[in-house]
Amino acid sequence: MPSTLTQAAIDDPALRAAYTHCRRTARREDPVEYSIMQLMPPVLRPACWAMWAAFNAADDAADTEAETHAARAARLKAWTDALESELPAGHSNDPIRSALIDTMRRWRLDLADLQLSFTTLDGDARGRRLQTWDQWSTWVGDLNLSWAAQTMTLLARAGVPVPLWLRRKDAYQRYLDGLYLTDTLTDLAHDLARDDLILPAEVLDQFPAAADHLQERHWSPAVQDLISHLTAQARRWLDQPGLTGALHPGPAEMLRTATRLFHARLDAVQAAGPALLSRPAVPTPLVRSRILAPARIRAAFAWRLAPLPAAPLTPNYAPALPAPRHHRSSHTPQPAPAHPSGARPPAIAAGRMPRHVAVIMDGNGRWATQRGLPRHEGHRIGADAATREVIYGAAEIGLSHLSLYAFSTENWKRDTQEITCLFENLSEQLRDDFVTSDSLGMRIRWAGRTDGLPEDLVEDLLQAEQATRHRTGLTLTLCVNYGGRAELTQAAAHLARAATTGALNPDHMTEADLARHLLWPDTPDVDLLWRTGGERRISNFLLWQAAYAEIHFTDTYWPDVDRRDLWQAITEYSTRQRRHGAAPTPAHDHPRPNMHRIQAMR
Ligand code: IPE
Ligand code: IPE
Ligand code: MG
């Protein structure tokens, strides 16, 4: 079996040494979290080690006992500044930053997100007084979960979104509270030594004298009662039913294993007795391996069952690095990340490039059924990657308008689970930072009806529109709960109203009058309408706008599509003669398709 580094395509000897350093640091400093990282597929593990070691290094910089808060903050800033300045060159002399930079480039992590996570480490605990568990939860939520959050970003980059925050917000927050309370109990001795044990007054008041006895390291009945109470509380919070439901089986297994390991930590806390006041309580290696051995087998099986859809970029690939936060508002769009094969967009003659391509993304269900998976898995596993691919392809070839049919007014006939899954995917995609970051300069619009859609999704769509409205790159119109007839009916209603008030004379009405009442009147007509998945129909899509569209049908199911299919569609389009009702022009005006190029593209 090749080593993990080899499986992750990390070949450069200096980088291998850097990642190995991170791995050793994580394994030594936190064997439990390290063992959870090892449940990732091999290709993602080195990235997890690098991120863990980076957070640990930044945390150490911020967490040196002897110094003042200002001195610690300055050390943390020096560390993150060094990272920022080394990032463009792509390497660092510091092994942890060197591995982190490589990870960021391979998985397109955003510097701004990482910086945000690092700065939360700066929170100073000393002298803080919190009254309620709610205040405590807000404080720890900001402070302590950056590594877990970045791990989820990494999974999303690899095509496996883990939208716990979105799907089960309250349960997830409580679960995180459970993790952090367990950490607090495990490391009680450490926090007491640094004088930064933080518990809310709400609980300390229930156990009079316990706080003073803790300060004095006195294992009194009050302290024992407090510890039992907190241990029971942490267990309740860790046991959140349904947290892993509908998640990809890999992350679901990781989450379940983390829960078991944290319960084992709490067992160790209960077994420690007075020793808890002088050293951390850790489960024995035997206890750990009883949990981990079967978990490794289940995780490996889960990842084999549903492999990662997206591969890391090749090590030589130099992505467009995110602009540092303070430059963001004024920055110019970056090129989309290249296709892993290195394929480049074809050159399309000026005047032959479509202005607006509209896509009926069909075939997810059949793609899944063919693989023995439920239909919603087709929407989730493959389709996210295909959508991203086509958007990158559109940006790369310089298309100005792309419309994607994501959910039709007729799709309500499907079963609730499938519909819910489609909406959740959409919300995730809208929060994915290839959408939220302005690296592509993409402007997002929504076309469709509000009724029936979950409020969260409507909010996400409107928020995306709002946040991107000044951008000048590709205009991406997401057609969600969209129907061509519904759009025309709505336009007709506007016109009828205008006629009844006398603002419009029906005898003088023009096509332009109706077009003004479409959802996005400034969007050009559809030049090219492309449907994947083998059906030859337009299923109520952009009926007005596609009146003269060139139609392109392909048999590939949507999850198997990539940007080269879009380029092929555009190449073919560029050879068509569009007449709009006129008589044919001489043959030299419509060249034959360059079949050699089209075949070479696939
Ligand atoms: C397209 O895939 C996605 C939506 C309609 C939302 P389908 O789900 O229609 O997939 P097939 O056509 O059943 O294969
Ligand atoms: C069209 O696909 C709608 C979307 C792609 C969102 P459908 O799969 O719903 O179309 P029909 O039912 O086969 O016509
Ligand atoms: Mg379909």
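Analyst: Here is a walk through the surroundings of each ligand in turn.

This is a predicted model, where local features need pLDDT of at least 70, side-chain atom pairs need 80 or more, and totals for chains, interfaces and linings use all residues. Residues count from 1 along each chain as written, chains are lettered from A and ligands numbered from 1 in written order, and side-chain values use heavy atoms, without hydrogens or water.

Start with ligand 1. It is surrounded by 13 residues (a heavy atom within 4 Å of the ligand). The closest are Asp362, Gly365, Arg366, Arg375 and Arg414. Look at the side chains next. Asp362 places a polar side-chain atom 2.8 Å from an oxygen atom of ligand 1. For Arg375, an N or O atom of the side chain is 2.9 Å from a ligand 1 oxygen. In Arg414, a polar side-chain atom sits 2.6 Å from an oxygen of ligand 1. Pairs like these are polar contacts (N or O atoms within 3.5 Å). On its own, ligand 1 exposes 370 Å², and the protein buries 87% of that (Shrake-Rupley areas, 1.4 Å probe).

Which helices build this shell? Helix 18 (364–370), helix 19 (375–397) and helix 20 (416–431) each supply at least two residues. Helix 18 gives the most, with 3 residues. By class, the ligand 1 shell has 3 nonpolar, 5 polar and 5 charged residues (Asp, Glu, Lys and Arg are charged; Gly is among the polar ones).

Now move to ligand 2. An N or O atom in the Asp362 side chain is 3.1 Å from an oxygen of ligand 2. For Asn411, the distance from a side-chain N or O atom to a ligand 2 oxygen is 2.8 Å. For Arg414, a side-chain N or O atom lies 3.2 Å from an oxygen of ligand 2. Taken alone, ligand 2 exposes 390 Å², of which the protein buries 78%.

How values were computed:
Polar contact = N/O pair within 3.5 Å; in protein donor to acceptor, adjacent residues only side chain to side chain. Helix = DSSP H or I, 4+ residues; strand = E, 2+ residues; numbered from the N terminus.
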